[in-house]
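Here's a quick briefing to read with the model open beside you.

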Amino acid sequence: MRFEGTADYIATEDLRVAVNAAITLERPLLIKGEPGTGKTVLANEVAKTLNAPLIEWHIKSTTKAQQGLYEYDAVSRLRDSQLGDERVHDIANYIKRGKLWEAFSSDDRPVLLIDEIDKADIEFPNDLLLELDRMEFHVYETGQTIRAERRPLVIITSNNEKDLPDAFLRRCFFHYIKFPDADTMREIVDVHYPGIKGMLLREALQIFYDVRDVPGLKKKPSTSELLDWIKLLMNEDIDAATLKERDPTKLIPPLHGALLKNEQDVHLFERLAFMARRESR
């Protein structure tokens, strides 16, 4: 099967090509892009299209590659041995399967999401090179070799917070999700709010892209933040005329807390408004 996007996910042509290339090559798909551009949601939509189980591994700063394979709970085994528990005679009782083990042993070809790989330390991607390449690993405590009968589709996301090793990049098919242009964004909003008035959407998008274009902005608002803002505009019954007739000396849009997420950016808009007021005198 091929991925062509879904009713709930607007996929650009280049993104569809990237997903289908990764499926054909049977290589991990590395997705980079700004936070909030739908990288994580993509895995869920691909799984729906392929009718495949989705296995999610969300990476934290403390996550180690070994946890994706398995973990041996030696402390629990020691405690059980002191209590005379019969389970201690089978070491397999203390082996906890990781997400890669789940994916490798799945009856159906799964979609494995390794989310925000750049959160982990720099050695994390290198530690998974062999396992993702060969689709197998060894369990030393039991002597097992866990091998994928059906190679999972691996989707790896990164917010580009740190560079990934070249050896890791060579094994992936890479795609950068560009920030949606106004036409694509209009389609995305229409999926979530099909009843939105055209005038309101046009004015909201104009303000949204104007905010993103302000020089010196620390965090540009993302797609998900635009959707939150539009939801608030509709809930508060703020119409297109109100947005269009905004005072240019105020600059900060209504309900700006959905778009501006730190005090530096709010202060930036306040300073720009102050300068605009001085120039208008």
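This is a predicted model: local features need pLDDT of at least 70, side-chain atom pairs count only at pLDDT 80 or more; totals for chains, interfaces and linings use all residues.

A helix here is a DSSP run of H or I at least four residues long, numbered from the N terminus.

- Going from D183 to L232 takes 49 residues in sequence, and the C-alpha atoms of the two are 21 Å apart in space.

**Strand β5 and its neighbours**
- β5 covers residues 111-115, and five of its five residues are buried.
- Which residues are on each side of β5? V111, L113 and D115 are on one side and L112 and I114 on the other, with both faces covered.
- Strand β2 (residues 54-58) pairs with β5 in the parallel sense, over five bridges.
- In that pairing, H58 has D115 of β5 as its bridge partner.
- β5 also runs parallel to strand β8 (residues 153-158), and four bridges join the two.
- Here L112 is the residue to look for, as L112 stands opposite V154 in β8.

**Aromatic rings**
- A pair of aromatic rings is described by the distance of the centres and the angle of the planes.
- The count of aromatic pairs comes to eight.
- Take F208 and Y209: their ring centres are 5.2 Å apart and their planes are at 80°, so the pair is edge-to-face.
- F208 and Y209 are both buried.
- Elsewhere, ring pairs link Y70, W101, F104 and F137 into a cluster.

**Charges over rings**
- The charged end of R212 sits over the ring of F179, 3.4 Å from the ring centre.
- R87 lies over the face of Y94, at 5.1 Å from the centre of that ring.

**Salt bridges**
- How many salt bridges turn up in a search of the whole structure? The search finds 14.
- R87, the residue over Y94, also forms a salt bridge with D80, with the closest N and O atoms 3.2 Å apart.
- In that pair, D80 is buried, with a relative accessible area of 9%, while R87 is partly exposed at 37%.
- E225 and K261 form another salt bridge, and their closest N and O atoms are 3.5 Å apart.
- Buried or exposed? E225 counts as buried, at 7% relative accessibility, and K261 counts as partly exposed, at 41%.
- R2 pairs with E4 in a salt bridge whose closest N and O atoms are 3.5 Å apart.
- R2 is exposed, with a relative accessible area of 53%, whereas E4 counts as partly exposed at 47%.
- R2 and E4 also belong to a network of salt bridges that links them with E13 and R16.

Key:
Residues are numbered from 1 along each chain as its sequence is written. Side-chain values use heavy atoms; hydrogens and water are left out. Buried means under 20% relative accessible area, exposed over 50%, partly exposed in between (1.4 Å probe, protein chains only). Two strands pair if DSSP finds at least two bridges between them. Rings of Phe, Tyr and Trp (its six-membered ring) pair if their centres lie within 6.5 Å; planes under 30 degrees apart count as stacked, over 60 as edge-to-face and the rest as tilted. A charge sits over a ring if NZ of Lys or CZ of Arg is within 6 Å of the ring centre and within 35 degrees of the ring normal. A salt bridge is a side-chain nitrogen of Lys or Arg within 4 Å of a carboxyl oxygen of Asp or Glu.
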